[in-house]
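Hi,

Here is the structure you were waiting for. Please look it over, then read my notes below.

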Amino acid sequence: MAQSCCGVQRRQFLWQSSAAAGAMVCRAWTQASEPPAEESPAPCAVWDVHVHLAGLNGTVAQRVARLLRHAQRVGVEKIVLHMGTTLTSHPKPEEFRRHNDEVLEAISVAPERVMGFVYLNPQYQQESLAELDRCVRDGPMLGVKLWIAMACSRPELDPIARRCAELEVPILQHTFFRAGGNLPDESTPADLAALASRHPQTRFICAHTGVDWERGVRAIRATKNVYAEVSGSDPTAGIVEMAVRELGPQRVLYGSDAPGRSFASQLAKVQGADIPESSKRLILGENLRRLLASASQRGKNR
Amino acid sequence: MIVDVNVNLSLWPFRRTPCDEPQRLVEALRRGGVTEAWAGTLDGVFHRDLGAANARLAQQCRQWGAGLLVPFGSVNPVLPDWQEELRRCRHQYHMPGIRLHPNYHGYRLDDAPLGQLLQEAARHGMIVQIALRMEDVRVQHPLMPVPDVELAPLAKILEGLPQVRLVLLNVSRANRLEHLRALAALPNVYFDLAMWEGIGGVAALAEVVSTDRVLFGSHLPLFPLESSLLKLRESELSAAQAEAIRSENARRLLPRKS
């Protein structure tokens, strides 16, 4: 089973390490020199909600080590991994189970710094619900990742969204408003808003905020259970300012989409934003900790 | 000490950004430790009256960033009498280089006018910057899709022009590594890091083109300066490599006036 596979005390690490976050900091080390000393002051710990194993070489352990080494250099304390060492857009059940086994292995490599979201394909509803139970209810994962297997506005996603509300875990959905039209089955932020409107008790993370974020922020603005996540696009100045202005700082999350993107460029969207420091702290870690807290607490009490 | 070779004055037509006024841009550069910034003008991307755009650029660099901002005027070799633009940049405004936008100005790198411009710029001893893209093509305004500059023909053209000092701005993963390697094998071709992505990306770019060809560029104000600063920090570089990228490579290309 997942729990014994990764050897993690289910979700306990979340609380332990959150309390011990002092070693990592989220201030901008804008002078390009040596990494900061471990004893640097700690305004808050940076958690990255969007990181992948694919795009690197080596074993799962080697990939995790490389990701964490670079993350640490810019002050990212914890990463949320989703999907395995390859990219599979329409995975069959045995394929998404393999993806998730690799993420479970990654968590076991560094449970104090690596979290996981379970990768599902709504085309396989029953198998997805069983995998959700295996990895989240009975395992250490803390959320769901959906990519481009199916446009997320479709009713096939409803059972997964309902189950996530019961488990109190968020769904992170890839979104794009692509110039020239999206890929087949690729969701827009408007698709996600439609799904989220049907499931007000479920929390959704709008990955990339549509990449074309000026449209993406508008599309999710009225749907209060959707968070804007800023990974995976150029570090265009103004993205975080607009998201904070239109959604409020409590609805914005830092993510990188590393290793395809650098932790740095995506972090700069927040660090370089013209917003209060208190808002930066929310976006860089506090919002995600709050979002994952109930699931974590529930697992701890079980 | 940091030399930022990729800064822009004036406004992007599709959005305002926090540092798109000269005073705020200069404040951001100084706060980030930038000691010299090679500044083009976004008017030079879109306007046809490049004479006026370059005059404003020169004036704003003097007014707001004396000692910090170094103007790089815009020249479009498919406009009539572009030679006069080049002459003014060099002799009227004393610019050390120019910035080109082939995709926005509507020519390919193997079109004849570019070869003539490169020759003329070299004759004047000017650095030439070519911006390969200004933004991700996947999110451009629907009424203005502008493809990236196609790099493939450039190495062959430069083989016949070894005296040209060229800086490629906004190099990205969209560019093929074989093209970058071919260009890096030529003398005097440099690459800025503003749009190069991936974890440890600056070190990866240095592996492709060699450390002594990588320049610090920010793409400010379209990107926050923090992006390139943090990228340098994320990459595992020796102190000597970091120093070369921060300033020494640029300084070799454009020595500081005594």
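**Chain contact and helix packing**

The contact takes 35 residues from chain B and 34 residues from chain A; two residues touch if their C-beta atoms, placed from the backbone, lie within 7 Å. This is a predicted model: local features need pLDDT of at least 70, side-chain atom pairs count only at pLDDT 80 or more, and totals for chains, interfaces and linings use all residues. Residues are numbered from 1 along each chain as its sequence is written, with chains lettered from A and ligands numbered from 1 in the order in which they are written.

On the side of chain B that touches chain A, helix 10 (225-234) and helix 11 (239-253) each supply at least two residues. Helices are DSSP runs (H or I, at least four residues), numbered from the N terminus. Helix 10 of chain B gives the largest share, nine residues. By class, that side of chain B has 17 nonpolar, eight polar and ten charged residues. Nonpolar means Ala, Val, Leu, Ile, Met, Phe, Trp, Tyr, Cys and Pro; charged means Asp, Glu, Lys and Arg; the others, Gly among them, are polar.

Within chain A, helix 4 (residues 93-109) and helix 5 (residues 125-137) pack at about 20°, axes 10 Å apart. Axes are lines fitted to C-alpha atoms over the stretch in contact, and angles run from 0 to 180 degrees between N-to-C directions. That makes helix 4 of chain A roughly parallel to helix 5 of chain A (angles under 35 degrees). The contact is made by A:Pro93, A:Phe96, A:Arg97 and A:Asn100 of helix 4 and A:Glu127, A:Glu131 and A:Cys135 of helix 5.

Best wishes

Terms used. Angles under 35 degrees count as roughly parallel, over 145 as roughly antiparallel, 65 to 115 as roughly perpendicular and the rest as oblique.
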